[in-house]
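Me: I would like to learn how to read a few features of a structure like this one, taking each general idea before the particular case.

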Amino acid sequence: MNTFSMSGNLSRRTFLQVSAAGVVTASSLGAAGRAFADPYPKFTWISPRGTLEVLDDYPYWIGKKMGYFDDLGIETDMQPGPSDGTATVKFVDVGQADMGFPSPGVFSFALENDMKLKSAFHMGAKDTFSLAFRKGEGTNDLKTLEGKTILLGSAAWQAIVDPMLAVQGVDVTKINYVEAGWPTWATALKAGQGDAALGWEGLRAEWIGTGLDFEYWLGVQKSPLFANTFVVRAADLEDPDKKAFLDRYLRAWAMGMEFGYQNPRAAVEAVFEEFPTLASNIGPELGVTSILQQINVFRGDMDKRAGWGDHDMAAWQLFFDEIYKLKQITKEVKAEDVCSNDCIAAANDFDHDKVKADADGYELSDEFAAIDVEAVRSGLYDQAVPG
């Protein structure tokens with residue numbers, strides 16, 4: 001399993017120093033610099049959520065299982081990262097990771113702090129983020145949240161919620177945010193310690209498996225914004241060797257996404273094989289529910305996209321304009337300057353028929369074969385606030 005190792009350049013002590021710091025500098029990481037082999041000695045992806053034991057990264061795990069990364073000759077590493085919401089961009093900026101998966105708000109934090117990063121592959125075409133409420137207490141009019149308390153796992157997540165609320169007409173200066181900690185912010189909501197909590201697609205299915213059954217205002221249904229993206233150092237996109245590597249790496253992810261779309265049950269099985277504890281916590285049916293929620297977010301309106309990972313520049317510009325109004329950033333940003341579709345054609349240049357054949361030919365376990373995917377799909381939004 002490719003997981004984070006405490007050996008080598010990044011000790012546990014340094015790891016904690018980085019997660020507690022503001023903007024990480026190369027000096028805070030000791031001798032770690034930006035010196036790479038040609039093009040990378042190992043390509044390291046870092047999670048924004050402090051764990052890899054989730055279904056969110058299913059394209060990687062099914063791609064690994066099916067040999068899509070191996071076939072492309074790529075040595076890869078996955079790191080969980082610290083739960084500090086901004087670590088996924090800090091580590092990429094200083095060369096301790098090569099690709100991060102920030103929310104748009106955390107990406108804007110990186111730009112505001114002059115990190116020379118670009119979005120290279122937009123995973124979340126729809127808004128994955130939601131607001132969870134105790135049952136019977138939800139609202140579809142988010143303006144009613146003014147003066148109330150929203151619970152977050154990390155203070156950095158305010159950069160996610162503010163624009164989500166602002167585009168719905170909410171005065172975000174009247175929202176009280178409380179950092180309730182990872183992974184305890186949802187249990188804090190259940191215990192009555194706030195009025196709402198940030199959630200996202202996939203996670204809400206996993207929460208059910210741990211007894212956290214809420215109702216939701218769902219961004220995937222109601223928001224014009226979108227979700228997390230893959231960011232790299234801007235200079236890497238300008239380096240021909242690194243750009244060629246990124247094309248191949250992202251192609252393997254795109255193949256994993258296509259496989260998951262064609263056979264979501266198999267993609268869940270691949271993740272469960274990697275993380276047996278996750279499997280025991282949520283089980284096959286909730287696992288399939290979670291992955292179907294995420295597939296909707298990742299695909300978006302595929303008829304209008306150039307393929308997996310394609311950026312909708314108009315939607316990104318709306319986001320940047322909105323957060324500039326909110327003073328979340330102090331300089332106006334042009335989407336084309338910080339989001340790149342240069343890798344998209346190459347990433348989607350794979351044998352789609354082969355991937356479909358792989359998906360169709362995958363032998364499911366009896367447990368997963370018994371799941372009616374269409375029945376699960378029909379109930380994906382049953383937790384939405386009524387009305």
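Me: Is cysteine 343 buried or exposed?

Reply: Buried means under 20% relative accessible area, exposed over 50%, and partly exposed in between, with a 1.4 Å probe and protein chains only. Cysteine 343 has 1% relative accessibility and therefore counts as buried, and cysteine 339, at 3%, counts as buried too. This is a predicted model, in which local features need pLDDT of at least 70 and side-chain atom pairs count only at pLDDT 80 or more, while totals for chains, interfaces and linings use all residues. Residues are numbered from 1 along each chain as its sequence is written, and side-chain values use heavy atoms, with hydrogens and water left out.

Me: How many disulfides are there?

Reply: A disulfide is a pair of cysteine sulfur atoms within 2.5 Å, and by this rule the count is zero. Cysteine 339 is in no disulfide, because the sulfur of cysteine 343 is 13 Å from its closest cysteine sulfur, that of cysteine 339, which is too far for a bond.

Me: How confident is the predictor, on average, in the protein chain?

Reply: The predictor's confidence in each residue is its pLDDT, on a scale from 0 to 100. The protein chain averages 90, and 90% of the residues score at least 70. Over residues 1-37, however, the pLDDT is below 50, and this stretch has 66 contacts in the model beyond near neighbours in sequence, where contact means heavy atoms within 4.5 Å.
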